[in-house]
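Hi,

Here is the structure I promised to pass on.

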Amino acid sequence: MTALKQELKEALIDTLHLEDITPEEIEDAAPLFGDEGLGLDSIDALEIILILERNYGIRIEKPSEGKEIFYSIQTLADYISEHRKK
Amino acid sequence: MGNLLKYTYITAPSLISSIGFSVNENMQNIRAYKSGIGEIDDKDIYNKVFNAARIDQKQWNLAAAEGGLNEFTPLEQLFILTLRETIRKSGINPSDESCCLVLSTTKGNIERLSEDDSPQEVLLSVLGDRIATALGLKNKPIIISNACISGVSALIVGRRMIAAGEYKHILVAGGDLLNHFVVSGFDSFKSLSATACRPFDQDRDGLSLGEACGSVLLTTEKDYVREKEPIVLESGAITNDANHISGPSRTGDGLYMAISETMTEAGLSTDDISFLNVHGTGTAYNDEMESKAVTWAGLQNLPLNSLKSYWGHTLGASGIIETIACMEELLSGEVFGTFGYKNNGVPCALNISEEHRSFDLKRCIKTASGFGGCNAAISLALEKEAKAIPTLSPAIYKIKSQCLITNGEIKVNDQLVFKLTDADFPDFIRAAYKDRQVDDRKFYKMDDLCKLGYMATTFLLTVEELKKNYNPEEIALIFANRSSSLDTDKQHQTIIESGTEASPAVFVYTLPNVVMGELCIRYGIKGENTFFIQDKYDETFLMDYASLILSGNKLKACLIGWCELVGEKYEARFSWLEKTN
C-alpha cells in the first residue's frame with residue numbers, strides 16, 4: 001500500500017504538472033481537490049481517470065463517479081487495490 | 001454619444017449542414033423534426049463509433065466539383081459555397097472597397113495537421129486569404145477564433161465595424177468540421193452524449209458534435225436586403241465569467257452580464273423581447289448555467305430554444321447558423337422546438353417545448369458560451385420594431401505600459417527587466433516566473449502560449465492594483481496572434497496519432513482564447529474577450545478596435561496582447577490601455 005501511494009503521488013505530480021511539490025509534501029489523507037488541498041480541478045479529475053485506465057485497468061465512465069474515490073491519496077489507493085486489473 | 005446609426009441589417013443567409021445545402025432545406029427539415037445527428041462509424045474520423053451531425057459527403061463533393069472548388073480544402077469549399085450564395089442573394093459586390101469579410105472558426109483546416117507536418121493551410125490566416133481571394137475581396141479578412149462564441153463574436157465585431165463607419169458591408173461566415181482532432185478531444189472531456197444531445201432535459205447526457213458552415217451579410221444599405229421584412233442586428237456584448245477554463249460559471253453571471261449589456265446597448269426592457277435562442281449544448285453544467293443566467297435577466301418566461309439537437313454543436317459555425325434560424329423564426333412567427341426535450345432538467349425552469357410554437361415575434365436574443373469562460377449575446381429585431389443605436393466614435397486612451405517578450409529577453413517600456421538567453425522556452429519562462437515571485441500553482445499547468453501571455457501580463461498589472469482601480473466588468477482583453485494554438489495543437493495531434501486517448505489537459509489549450517480565460521481567472525477580469533488571428537502583428541488594428549470598444553459606457557481599460565508561440569519562436573507584445581475621456 002505504501003508503495004502504491006508513493007507511485008500515485010509521483011504519477012499525479014508528473015501528469016498534473018504539480019511542479020514545486022514533492023511526494024513527501026502530499027499527505028495521504030489530505031483532500032486533493034478544492035482550495036484547502038492540492039487545488040486540483042475538473043480537468044485534473046479527467047486526467048486521473050486516464051491514469052486509472054492506463055496504469056491499473058480501471059474504467060470510470062462518468063467523472064461524477066470519481067468524487068469520493070478521488071478525495072485523497074488514501075481513498076484513491078484503497079479503491080485501486082480493490083479494483084485493479086493490472 | 002454620437003449620431004444615431006442607420007440600421008445594420010442582417011440579410012441573405014446561406015447555410016450548409018447535416019440537414020441541408022440551403023437555408024430552405026435546413027428549415028424544412030427542422031419543421032419536420034428531422035435531426036442531423038446519427039451514428040458515425042468512420043475510422044478516418046474516430047476509432048470508436050460515435051454520434052454526431054455530419055454533412056452528406058456525396059452532395060458536398062458534387063457541390064464542390066460544380067463550383068470548381070476541387071483544389072480547396074473541405075472547409076474552404078464550404079466557406080466559399082455559402083459565401084457565394086450570400087453574395088448572389090444580396091447582390092453585393094465583394095470587391096467593393098467598403099466590403100469586408102469576418103470569418104469565425106475554431107479549428108479551420110486542422111485535419112491537415114499531422115505529427116510530422118504542419119502545412120501552411122492549418123494557419124487560419126492562410127485559410128482566410130484563400131477564401132477572400134476566391135471571392136475577389138479586396139480587403140484582408142478579419143478572423144476570429146474565440147472558442148464556441150466565435151460566430152456570435154464575429155457578428156458583434158462586424159456590426160461594430162459598420163457602426164464605426166469602417167465598412168458599409170460585412171460578410172460574416174462561420175464554419176467548422178468534424179475530424180479526429182476535435183472528436184477525440186471532446187471525448188476525452190467525457191462530454192459527448194451516448195446518443196443525441198437533449199438540451200435542458202432531465203436525462204441529458206452531454207453534447208453532440210456537428211459540422212456546418214453559414215454566412216450572412218451585414219449592411220447599412222437596404223438595397224441589398226432581401227427579406228420581406230428587413231431584420232436588424234441591433235446590439236451585442238461579450239463577457240468572461242472568470243471561473244474556469246473548461247467549465248462555465250456556476251452562477252451564470254458572465255452570460256447574464258452579456259445579455260444585460262446587449263439589452264442596455266439597444267435600450268431594451270424584458271417586454272421588448274419575444275424569444276431566446278441559447279447555446280444549449282446538452283451538457284449538465286452549460287444548460288444549468290444558462291437557466292440561471294436567463295432567469296437572472298428576467299427572461300425565464302419567454303419562449304426559448306436550443307437547436308443543437310438538430311445540427312449538433314457546430315463550434316465556430318454555431319453562432320452564425322443559429323442566428324440564421326433566429327432570422328427565419330422572426331420572419332415566420334414561430335419558435336422552433338428543442339428536439340428531444342421532454343422534462344425540465346435545469347434548476348431554474350425555462351419556457352421550452354419540443355414542439356414548434358407560433359407567436360407574434362418582434363425581437364430575439366441569441367447567446368453563446370465557450371471554453372475560456374467566454375459568453376456572448378446579440379439582439380435581432382424586425383426593422384419596424386428596431387431601436388436606433390448611436391454610432392460608435394473611438395474613445396481617447398493612453399498607453400500606460402507595454403511589455404515585450406522575445407528571444408530570451410523581457411522589456412517593459414523599452415527597459416530590459418529580465419534576460420536569460422541560451423535557454424529553451426520552458427526554462428526561460430520558468431526562470432522569469434521564479435524571478436517575478438508570482439505564487440500561482442496554476443501556472444505550471446498552462447501550455448506555453450498561456451505561460452507567455454501570463455508572464456507578459458504580470459509585468460503590466462497586479463491583481464491588487466487592478467481590483468483597487470476597476471470593477472471586473474470594466475476591463476477588456478483584445479488578443480491576437482498568427483498561429484492560433486498550433487503549438488499545443490501539435491501536441492494533441494501527436495498524442496492521438498500514437499493511439500492513446502487524448503489528454504483533456506492538453507486539448508483544453510487547443511483554443512487560443514484560453515490564454516485570455518487564464519488571465520481573467522487570475523485577475524478577476526469579466527469584460528470583453530476577443531481573439532483575432534492575423535498574419536502579423538498589426539498594432540493599428542488592435543488599438544483601433546480597442547478604442548472602439550472603449551467608446552461605450554462600460555469599459556475603462558483594455559489589455560492588448562499579441563501572443564505568438566510555436567516551438568522555440570515566441571513573441572509577446574502587450575499594451576495596457578486606459579480610457580481618458
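Chain B splits into two domains: domain 1 covers 9-385, and domain 2 covers 397-579. Bear in mind throughout that this is a predicted model. Taken over C-alpha atoms, the centres of domain 1 of chain B and domain 2 of chain B are 27 Å apart. Where the two touch, 41 residues come from domain 1 of chain B and 43 residues from domain 2 of chain B.

I went through the domain 1 side of that contact in a bit more detail. On chain B, the elements that put two or more residues into the side of domain 1 touching domain 2 are α4 (124-135), β5 (142-144), α5 (150-163), α6 (180-188), β9 (231-240) and α7 (253-265). Which of them gives the most? That is α6(B), with six residues. Sorted by class, this side of domain 1 of chain B has 19 nonpolar, 17 polar and five charged residues.

Three strands make up an open sheet, in the order β2-β3-β7 (chain B), with mixed pairing. β2 and β7 of chain B are the edge strands, each pairing on one side only. As a reminder, strands of a sheet pair through backbone hydrogen bonds, and they can do so parallel or antiparallel. Both senses turn up here:

- Strand β2 (residues 37-40) of chain B runs antiparallel to strand β3 (residues 50-53) of chain B, and four bridges link the pair.
- β3(B) and strand β7 (residues 209-210) of chain B are parallel, joined by two bridges. There, B:A53 faces B:G210 in β7(B).

Helix α3 (residues 74-90) of chain B has 17 residues and spans 25 Å from its first C-alpha to its last, close to the 24 Å expected at 1.5 Å a residue. Is α3(B) mostly covered or mostly exposed? Mostly covered: 13 of its 17 residues are buried. Just past the end of α3(B), B:G91 adopts a positive phi of about 80°.

Now for chain A. Along the principal axes, the C-alpha atoms of chain A fill a box of roughly 30 × 25 × 20 Å. Of the 86 residues in chain A, 28% count as buried. Looking at contacts in chain A with a separation of 6 or more, 55% are between residues 24 or more positions apart.

Cheers

Methods: Residues numbered from 1 in each chain as written. Chains lettered and ligands numbered in written order. Predicted model: local features only at pLDDT ≥ 70, side-chain atom pairs only at ≥ 80, totals over all residues. Pairing = 2+ DSSP bridges. Domains from an automatic or database assignment. Contact = placed C-beta atoms within 7 Å. Nonpolar A, V, L, I, M, F, W, Y, C, P; charged D, E, K, R; others polar. Buried ≥ 20, exposed ≤ 12 C-beta atoms within 10 Å, placed from the backbone. Expected span 1.5 Å × (residues − 1).
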